[in-house]
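Here are some notes for a colleague who is opening this structure now.

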Amino acid sequence: MLLNPSNDGDSIVCPTLAKCTGLYYIVRPDTATVCGRNASHVVAAVMIAFTAACLSLYPVGLYRWANDTTQLTIQVALYSNFLFGAYKSYMVVRRSRDIWTCMDVTRAGFALGHHGRYDRPATGHLHRCRAVSSAFTRWFSVVNYSILFLWSTIPFMAGDAYIHVRNHDGTFSSYRVNPYNMYFFVSSDTYNQWHLVFHLLESLFGLCFVMSMILFDTFMVTLCVTIAGQLKVIGDDFKGLGHSKVS
């Protein structure tokens, strides 16, 4: 069984960490279902739909703030990053079966052989790969969630701070500082009056982005580390046969 939680040391991917990031539930075929669909896929689809709805507002916001270079630059950077994050989530859900199949290469037995020898150097390479993969997953997750938390709390630390955006007619609109200050088709007065509601929406928007980045990037890095470790094992085996150089 791939990513078997009952045998945590049999894979370079740590099943416990895979569960914490959500990757385990999304790619595993036999998880709980809702109306015949993977429950994790349904949750991911809701997150993607919410992200897409928020992203659909960005073009109008970019047009509205085209005269304000600073705000326009910030919004373009946010739009491109969040769009890329939504695409990553979509690909993880769409290719979940392929990812589950790819996870087979992270088993120790894949590189060492089903009937091969589990010698100390080979297992040592794979254990180091597991340590690198686990360390990256923990570090990447903690850093991303910490940045999200700090970014979401900065507006409260700023107090009554406002950002002033130049409009097309030359006037300025003042908005309370929020995580991303997205445009929601409301006036500046309405935005300021309900800034806590918009703060919550923008924080959820950021949470969806962080989760999508963690899902995709930890899988890709782990797969690359796994392949590198397996190539090292194969190289050592060739050296044992007397092939120390590539001719």
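1. The largest cavity holds about 110 Å³ of space. A cavity here is a set of points on a 1 Å grid over the protein atoms alone where a 1.4 Å probe fits but cannot get out; points are joined across faces, edges and corners, and a volume is the space filled by probe spheres set on them. Thirteen residues, those with an atom within 4 Å of a point, line the largest cavity, and V13, A18, S133, T137 and T222 are the closest to its centre.

2. This is a predicted model, in which local features need pLDDT of at least 70, side-chain atom pairs count only at pLDDT 80 or more, and totals for chains, interfaces and linings use all residues. Residues are numbered from 1 along each chain as its sequence is written, and side-chain values use heavy atoms, with hydrogens and water left out.

3. Which helices each supply at least two residues of the lining of the largest cavity? They are helix 1 (15–21), helix 8 (120–158) and helix 10 (195–240). Helices are DSSP runs (H or I, at least four residues), as strands are (E, at least two), numbered from the N terminus. The lining has seven nonpolar, six polar and no charged residues. Nonpolar means Ala, Val, Leu, Ile, Met, Phe, Trp, Tyr, Cys and Pro; charged means Asp, Glu, Lys and Arg; the others, Gly among them, are polar.

4. The second largest cavity has about 60 Å³ of space. Its lining includes A44, M47 and F82, along with C208 and S212. Helix 3 (39–55), helix 5 (69–94) and helix 10 give two or more residues each. By class, this lining has seven nonpolar, four polar and no charged residues.

5. An unreviewed UniProt entry lists residues 42–66, 72–90, 136–158 and 204–229 as "transmembrane region"; such annotations may be inferred rather than shown by experiment. In the model, residues 42–66 are 84% helix and 0% strand, with end C-alpha atoms 37 Å apart. Residues 72–90 are 100% helix and 0% strand, and their end C-alpha atoms lie 27 Å apart.

6. The axes of helix 3 and helix 5 come within 10 Å and cross at roughly 155°. Axes are lines fitted to C-alpha atoms over the stretch in contact, with angles from 0 to 180 degrees between N-to-C directions. Helix 3 is therefore roughly antiparallel to helix 5 (an angle over 145 degrees).

Conventions. On a 1 Å grid over the protein atoms alone, a cavity is a set of points where a 1.4 Å probe fits but cannot get out, and a pocket is an open set with protein on both sides within 12 Å along at least five of seven lines; lining residues have an atom within 4 Å of a point. Angles under 35 degrees count as roughly parallel, over 145 as roughly antiparallel, 65 to 115 as roughly perpendicular and the rest as oblique.
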